[in-house]
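These are my notebook entries on a structure that I am looking at for the first time. I put down what I looked up, entry by entry.

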Amino acid sequence: CLKGVWGGVRGLQCHPSLPLVASCGLDRFLRLHHLGDGGLQHKVYLKSRLTCLLLSTQWDWEVRPPP
């Protein structure tokens, strides 16, 4: 059971290497939960409704020029 979720959940995605799961719902919030206790780690309001999620192991999203 994920804590902090209100309403219907449209998408769930487990992180490939960390004990985290992301959920998005009809209330337009993206939530990150810890898999161990299901506690809410972070919550972000989004302007558009999400229908799916994709998590990456990449930490730095900036494009770096080749050396």
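Which residue in E2 is the bridge partner of glutamine 13? I looked it up and found alanine 22.

**Entry 1: what I am working with.** I note that this is a predicted model, in which local features need pLDDT of at least 70 and side-chain atom pairs count only at pLDDT 80 or more, while totals for chains, interfaces and linings use all residues. Residues are numbered from 1 along each chain as its sequence is written, and side-chain values use heavy atoms, with hydrogens and water left out.

**Entry 2: confidence.** I looked up pLDDT, which is the predictor's confidence in each residue on a scale from 0 to 100. The chain has an average of 77, and 73% of the residues reach at least 70. I then went through the elements, and confidence is lowest in strand E1 (residues 9-14), with a mean of 80, and highest in strand E4 (residues 40-45), with 88.

**Entry 3: the elements.** I counted zero helices and four strands in the chain, where helices (H or I, at least four residues) and strands (E, at least two) are DSSP runs numbered from the N terminus. Read from the N terminus, the order is β-β-β-β.

**Entry 4: the whole chain.** Of the 67 residues in the chain, I recorded 18% as buried, a word that stands for under 20% relative accessible area, with exposed meaning over 50% and partly exposed in between (1.4 Å probe, protein chains only). The chain exposes about 5,300 Å², of which carbon and sulfur atoms supply 60%; such areas come from the Shrake-Rupley method with a 1.4 Å probe, and for residues only the protein chains shown count as cover. I also looked at contacts (heavy atoms within 4.5 Å), and among those between residues at least 6 apart in sequence, 32% join residues at least 24 apart.

**Entry 5: strand E2 and its partners.** I checked the pairing of strands, for which DSSP must find at least two bridges between them. E1 and E2 pair in the antiparallel sense over five bridges, and they form a hairpin with five residues between them. On this side I noted that cysteine 14 has valine 21 in E2 as its bridge partner. Valine 21 also has a bridge partner in E3, histidine 33, and E2 and E3 run antiparallel, joined by five bridges. I then asked how E2 is placed, and five of its six residues are buried, so E2 is largely enclosed by the rest of the structure.

**Entry 6: the turn between E2 and E3.** Three residues lie between E2 and E3 in their hairpin. I looked at arginine 28, which is in the loop between strand E2 (20-25) and strand E3 (29-34), and its phi is near 70 degrees, a positive value in a residue other than glycine. Arginine 28 is partly exposed, because its relative accessibility is 27%.

**Entry 7: a salt bridge.** I searched the whole structure and found one salt bridge, meaning a side-chain nitrogen of Lys or Arg within 4 Å of a carboxyl oxygen of Asp or Glu. It is formed by aspartate 27 and arginine 31, whose closest N and O atoms are 2.9 Å apart. Aspartate 27 is partly exposed at a relative accessible area of 24%, whereas arginine 31 is buried at 3%.

**Entry 8: an aromatic pair.** I found one aromatic pair in the structure, the rule being that rings of Phe, Tyr and Trp (its six-membered ring) pair if their centres lie within 6.5 Å, with planes under 30 degrees apart stacked, over 60 edge-to-face and the rest tilted. The ring centres of phenylalanine 29 and tyrosine 45 are 5.3 Å apart and their planes stand at 70 degrees, so the pair is edge-to-face. Because phenylalanine 29 lies in strand E3 and tyrosine 45 in strand E4, the pair ties together parts that are 16 residues apart in sequence.

**Entry 9: leucine 50.** I finished in the segment after E4, where leucine 50 is found. Leucine 50 touches Arg10 and Cys24, not counting residues up to four places away in sequence.
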